[in-house]
Amino acid sequence: MSTTAGRSRLRFNPKLFAVAVLASLVLGALLGYVAKQTDAEWLATTLKTIGSTFTKLLTFTVLPLIFTAIVVGINSLRGLGGGRAAARLGGKTALWFGITSLIAVLIGLAVGSLFQPGRGLIIEPDPEKLQSIGEKTQGSWLDLITGLVPSNLISAFAEGETLQVVFVALIIGAATYSLGEKAAPFVDFNKAAFEVIQRVLGWIIRLAPIGTLGLIGNAVASYGNEFFAPLLKLIGSTYVACALVLFVVYPLLLGLVAKVSPIRFFAKSWNVLQFAFVSRSSGASLPMTRQTTEDLGVPASYANFAVPLATTTKMDGCAAIYPAVGSIFIANLFGISLGPVQYLTIVAVAVFGSFATAGVTGWFTMLTLTTAALGFPAEVVATGIAIAYAVDPILDMMRTATNVAGQIVVPTVVARSEGILDDEVLARPSTPLGDRELANA
């Protein structure tokens with residue numbers, strides 16, 4: 001009896017959790033504003049420390065989580081009908097990645113053309129920011145190849161090379177799948193490691209209200225005045241384009257293709273979308289993303305494969321919308337005209353180059369890759385990005401929320417097309433992250 005009561009106390013109400021996160025957003029913004037207006041260095045430092053500590057807690061679990069999730073996920077496909085079924089699911093998943101990226105980049109171009117961010121602005125970038133941007137490696141088509149294969153497995157993890165970890169995990173997962181029972185002990189170890197990491201992340205995520213306060217507070221304290229300064233059009237264009245994808249395109253796909261009520265989708269996914277918005281990390285959101293996908297009726301055997309893969313490659317906000325809006329922004333800053341050919345180039349890069357986003361730095365790689373394909377001079381690209389960099393934390397919040405929504409929508413659509421979406425599970429209330437584990441603790 002006491003054990004049951006103890007477990008109940010450990011569980012949290014998702015509605016209260018959502019309210020706590022929203023309250024932290026408001027309180028963090030207020031504290032950040034106070035720090036900015038009063039030059040209270042101690043308050044700004046405290047907020048920055050809280051936010052960075054929360055981010056570090058999330059970050060150290062991401063790569064092990066992705067590796068174990070992919071290995072386990074590939075082997076989970078065995079229960080869906082064997083190798084042919086797994087290949088068909090993988091092919092459909094990739095196809096829908098491409099379709100939704102195409103829609104997202106077209107919306108990014110349309111909104112960017114309407115708002116024309118950057119037009120009429122005369123801004124001198126901070127020399128230090130310009131230098132830091134110049135020191136970054138610009139994106140190129142070779143990034144996907146050169147950044148794919150690690151020199152060794154340890155370096156991929158130690159250097160935080162997400163794409164390399166995904167590549168190795170896919171190979172090892174395929175090898176264990178082909179070996180069957182011979183590889184069972186290794187697969188079981190990865191299953192156990194995956195559960196352990198997920199439990200730890202569940203605990204960390206419960207600290208989200210505190211982390212939210214620090215992250216938002218630090219952003220406002222650092223960039224507060226620039227929220228409403230000349231970069232407002234860039235922020236507005238990015239948010240409007242992302243909102244159209246998030247609240248129009250995805251619900252239409254869910255309703256028309258997956259036969260899933262958009263209201264039910266948002267009811268079940270709102271917590272993870274809030275968390276993605278604040279944390280600015282698709283990887284850190286992975287456990288909540290995967291559970292939300294399962295709560296929508298996607299079989300765990302498919303969700304365990306599709307969601308980790310989508311977390312590192314399905315980025316409509318960073319890899320499709322923002323390169324389109326950002327390219328228009330930079331072109332307008334320097335009076336460069338864009339025509340139909342340039343717009344088609346942006347579309348092609350977004351659709352065929354998006355798999356490189358998991359490499360160095362998602363949005364940066366894709367934006368520099370896009371502007372390079374457009375033939376922009378290096379100094380123009382560096383200056384444009386340096387100007388936009390001032391409000392990147394604000395832009396990244398909405399981009400990440402859009403990314404995560406797409407990472408849930410695509411597996412749901414594919415599952416329905418395969419006839420494996422469980423409508424009984426879809427109709428049930430969501431399960432807060434951690435409750436399943438606590439029930440078995």
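## Core and aromatic rings in a predicted model

The largest nonpolar core here has 111 residues, and Phe275 and Tyr302 have the most contacts inside it. Such a core is a set of buried Ala, Val, Leu, Ile, Met, Phe, Trp, Tyr and Cys residues joined through side-chain atoms within 4.5 Å. Buried means under 20% relative accessible area, exposed means over 50%, and partly exposed is in between (1.4 Å probe, protein chains only).

This is a predicted model: local features need pLDDT of at least 70, side-chain atom pairs count only at pLDDT 80 or more, and totals for chains, interfaces and linings use all residues. Residues are numbered from 1 along each chain as its sequence is written, and side-chain values use heavy atoms, leaving out hydrogens and water.

Let's look at Phe275. Leaving aside residues up to four places away in sequence, Phe275 touches Phe54, Leu58, Ile205, Ala208, Arg280, Ala284, Ser285 and Met288 (contact means heavy atoms within 4.5 Å). A second, separate core of 7 residues includes Ala35, Ala44, Leu213 and Ala221.

Now for the rings. The structure holds 3 aromatic pairs, where rings of Phe, Tyr and Trp (its six-membered ring) pair if their centres lie within 6.5 Å; planes under 30 degrees apart count as stacked, over 60 as edge-to-face and the rest as tilted. Two of the pairs are these:

| Pair | Centres | Planes | Type |
|---|---|---|---|
| Phe265 and Phe266 | 5.0 Å | 70° | edge-to-face |
| Phe266 and Trp270 | 6.4 Å | 70° | edge-to-face |

Ring pairs link Phe247, Phe265, Phe266 and Trp270 into a cluster. Phe265 is buried at 0% relative accessibility, Phe266 is buried at 17%, and Trp270 is partly exposed at 40%.
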